[in-house]
Amino acid sequence: MRAQFCIALVLLGAVSLQGCSNPDGITTYPVTGSVTMGGNPIENGSIVFDPADGHGTSAMGGIENGRFTAQVPAGDKILRLNAVRTTGEKDQYGALVSESYIPAKYNLESQITKTVKPNEENKFDLTLD
């Protein structure tokens, strides 16, 4: 579980280094939606839109109170979700321990695919079990 969390943080860092500006001239489109798991909204997390063919630029958005927004290049995407919560336990240094609670089938092993279309409303409501 910690390995998945570390990998997710590395991916998050790599995507965030690209910044919000678009120096490569890649056109992006607004994507919005909601994410629930077990009937409850994901309180805080992230969503990554990876190119389904493995070529191109990834994009990321934050999840707050079950809602997300992102600027994403057009095309077929694999959606990867991540969220952490504290366990209530403390580590050897007294810091609260966090855990990733999104199953791998929605993250590293995700099969969730959506198509971001130019000049259309791209709204994706995701229900995780």
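Arg85 has a relative accessibility of 42% and therefore counts as partly exposed, a class lying between buried (under 20% relative accessible area) and exposed (over 50%), computed with a 1.4 Å probe on protein chains only. The model is predicted, so local features need pLDDT of at least 70 and side-chain atom pairs count only at pLDDT 80 or more, while totals for chains, interfaces and linings use all residues. Residues are numbered from 1 along each chain as its sequence is written, and side-chain values use heavy atoms, with hydrogens and water left out.

**Salt bridges**

- The count of salt bridges comes to four, each defined as a side-chain nitrogen of Lys or Arg within 4 Å of a carboxyl oxygen of Asp or Glu.
- Asp50 and Arg80 form a salt bridge through their side chains, at 2.7 Å from N to O.
- Here too distant parts of the chain are linked, with Asp50 in strand β3 (residues 44-51) and Arg80 in strand β6 (residues 75-82), 30 residues apart.
- Asp50 and Arg80 are both buried.
- Lys123 and Asp125 form a salt bridge whose closest N and O atoms are 3.5 Å apart.
- Asp125 is partly exposed at 43% relative accessible area, and Lys123 is partly exposed at 40% relative accessibility.

**Aromatic pair**

- One aromatic pair is counted, the criterion being ring centres of Phe, Tyr or Trp (its six-membered ring) within 6.5 Å, with planes under 30 degrees apart counted as stacked, over 60 as edge-to-face and the rest as tilted.
- The rings of Phe49 and Phe68 have centres 6.2 Å apart and planes at 55°, so this pair is tilted.
- Phe49 in strand β3 and Phe68 in strand β5 (residues 67-73) are 19 residues apart, and the pair links distant parts of the chain.
- Both Phe49 and Phe68 are buried.

**Nonpolar core**

- The largest nonpolar core has 23 residues, and those with the most contacts inside it are Phe49, Phe68, Leu81, Ile102 and Leu126; such a core is a set of buried Ala, Val, Leu, Ile, Met, Phe, Trp, Tyr and Cys residues joined through side-chain atoms within 4.5 Å.
- Strand β1 gives the most to this core, with four residues.
- Leu126 has contacts (heavy atoms within 4.5 Å) with residues including Phe68, Leu79, Leu81 and Ile112, not counting residues up to four places away in sequence.

How values were computed. Helix = DSSP H or I, 4+ residues; strand = E, 2+ residues; numbered from the N terminus.
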